[in-house]
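Here's a quick tour of one protein model and its ligand. Have a look at the structure first, then read on.

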Amino acid sequence: MASSILSDCSSARLLPLRRALLPQRAPRIRPCPALASPRRLLIAARPQLFPRPPRMDSVPTAAAAASSAESATASADASAKVIDGKLVAKQVREEIAVEVTKMKDAIGIVPGLAVILVGSRKDSQTYVRNKKKACEAVGIKSYEVNLPEDSSEEEVIKHISGFNSDPSVHGILVQLPLPRHMNDENILNAVSIEKDVDGFHPLNIGRLAMQGRDPFFVPCTPKGCMELLHRYGVEIKGKRAVVIGRSNIVGMPAALLLQKANATVSIVHSQTKNPEQITRQADIVIAAVGVANLVRGNWIKPGAAIIDVGINPVDDPESPRGYRLVGDVCYEEASKVAGAITPVPGGVGPMTIAMLLSNTLESAKRIHKFK
Ligand SMILES: NC(=O)C1=CN([C@@H]2O[C@H](COP(=O)(O)OP(=O)(O)OC[C@H]3O[C@@H](n4cnc5c(N)ncnc54)[C@H](OP(=O)(O)O)[C@@H]3O)[C@@H](O)[C@H]2O)C=CC1
Ligand SMILES: Nc1nc(=O)c2c([nH]1)NC[C@@H]1CN(c3ccc(C(=O)N[C@@H](CCC(=O)O)C(=O)O)cc3)C=[N+]21
């Protein structure tokens with residue numbers, strides 16, 4: 001039966017349609033062996049992960065965060081706390097909306113975000129549309145430029161330069177991936193670091209990596225992961241963390257942030273031997289790979305906090321879209337072992353957009369010296 005096959009982490013299939021939409025990434029999905037029974041022993045041994053209530057002391061926050069932790073659910077045999085990114089992102093957006101209004105009333109400035117999209121990938125168009133909607137909802141002004149797939153680097157850079165010198169724009173985002181003929185580095189380098197709300201400029205990444213320096217902006221997805229850990233009261237200092245994936249936009253900055261927060265960090269990548277064994281030592285796992293259900297239940301230390309960044313479309317004839325999204329972590333298995341876990345969808349994704357709004361507000365405040 002299709003539905004039971006799809007609920008099994010071992011047999012979800014990457015959607016062929018989406019395969020065509022992901023030219024820079026080969027389809028990656030792990031057929032997994034049947035569940036081994038010893039994992040069940042781990043469940044009994046699961047220690048207490050959350051000795052204290054969730055903290056709410058970082059990005060603008062509200063009492064609602066407490067209710068997010070309280071609303072964390074546990075299904076019949078899945079006992080991990082659900083880290084509800086959708087709910088936290090909503091709270092963050094509400095807090096940003098308040099700040100935007102305050103700023104507008106006090107100094108007449110409305111934060112502005114410019115998004116540049118090159119080409120016509122359906123997934124990128126959807127992301128850009130969602131970003132625009134999110135901006136509108138909190139009162140941030142959005143500017144959008146759509147360029148054809150065969151545009152030159154110079155054309156893209158011309159638009160970036162225009163936004164760099166436009167005082168109504170406080171944040172600039174170039175949607176990735178760019179067409180193959182373009183050099184990402186040349187383009188990302190052209191964004192003024194003061195407006196680099198994605199945090200992808202090499203100088204921002206360099207500052208993130210250095211002791212005693214701070215970047216202008218922290219990349220949105222890793223920032224969202226950290227925010228979820230903070231808001232759910234997951235202790236980071238002195239803990240062992242494993243980041244699976246080392247991309248410039250997620251894995252690498254996530255590892256830097258965990259390290260800055262005083263975790264002891266290991267990075268697992270495509271050439272790592274024994275990734276299961278390394279991951280099993282972690283109190284905190286951030287998975288950012290792009291392989292559906294790569295991380296199985298037996299990779300996880302009982303009680304660990306799992307942040308699943310992966311967004312992988314898999315066939316689902318029962319879903320209206322014909323596919324559904326799953327993470328890099330086999331949720332079904334992991335939620336029986338972990339102490340807390342983000343779902344996909346509804347985990348890190350909505351936080352990425354919320355952090356983009358947060359970075360745009362932060363930029364406008366900094367540029368206009370508004371506290
Ligand atoms: N939720 C959100 O907001 C966001 C979600 N994403 C999703 O996160 C996932 C990762 O994205 P991104 O970082 O851009 O992907 P990349 O393809 O750029 O990087 C993937 C990383 O995973 C590593 N990797 C690949 N295969 C394995 C494996 N079998 N075992 C261990 N490591 C492996 C690669 O290693 P190596 O370096 O050796 O090649 C690489 O470092 C995707 O599913 C993407 O859609 C991305 C951005 C935002
Ligand atoms: N310059 C740039 N900055 C980015 O931050 C960037 C990018 N390029 N290119 C693509 C990736 C991917 N990304 C996501 C954002 C939101 C969701 C998201 O909201 N996902 C929903 C599901 C959405 C759905 O149902 O389709 C969720 O996980 O709940 C996912 C992925 C940002 N990225």
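This is a predicted model: local features need pLDDT of at least 70, side-chain atom pairs count only at pLDDT 80 or more; totals for chains, interfaces and linings use all residues.

Where the two touch, domain 1 puts in seven residues and domain 2 puts in 11 residues. On the domain 1 side of that contact, five residues are nonpolar, two are polar and none is charged.

UniProt, in an unreviewed entry, has its own label here: "domain: Tetrahydrofolate dehydrogenase/cyclohydrolase catalytic", placed at residues 83-198. That span is 51% helix and 16% strand, and the C-alpha atoms at its ends sit 23 Å apart.

Now for the ligand. There are 27 residues around ligand 1, and G245, S247, S270, G290 and T352 come nearest. Helix α14 (residues 348-367) gives the largest share of this shell, with three residues.

| Class in the shell around ligand 1 | Count |
|---|---|
| Nonpolar | 12 residues |
| Polar | 12 residues |

Finally, take V100, which sits in helix α5 (residues 85-107). Is V100 buried or exposed? V100 is buried, because 22 other C-beta atoms lie within 10 Å, and the cut-off for buried is 20 or more. Setting aside neighbours within four places in sequence, V100 is in contact with P111, V138, G139, I140 and L361. L361 is 261 residues away from V100 along the chain, yet their C-alpha atoms are separated by 7.1 Å.

Notes:
Residues are numbered from 1 along each chain as its sequence is written. Chains are lettered from A and ligands numbered from 1 in the order in which they are written. A residue is near a molecule or strand if its C-beta atom, placed from the backbone, lies within 6 Å of it. Helices (H or I, at least four residues) and strands (E, at least two) are DSSP runs, numbered from the N terminus. Ala, Val, Leu, Ile, Met, Phe, Trp, Tyr, Cys and Pro count as nonpolar, Asp, Glu, Lys and Arg as charged, and the others, Gly among them, as polar. UniProt positions are given in the numbering used here, feature names are shortened, and annotations may be inferred rather than shown by experiment. A residue is buried if 20 or more other C-beta atoms lie within 10 Å of its own, exposed if 12 or fewer, and partly exposed in between; C-beta atoms are placed from the backbone.
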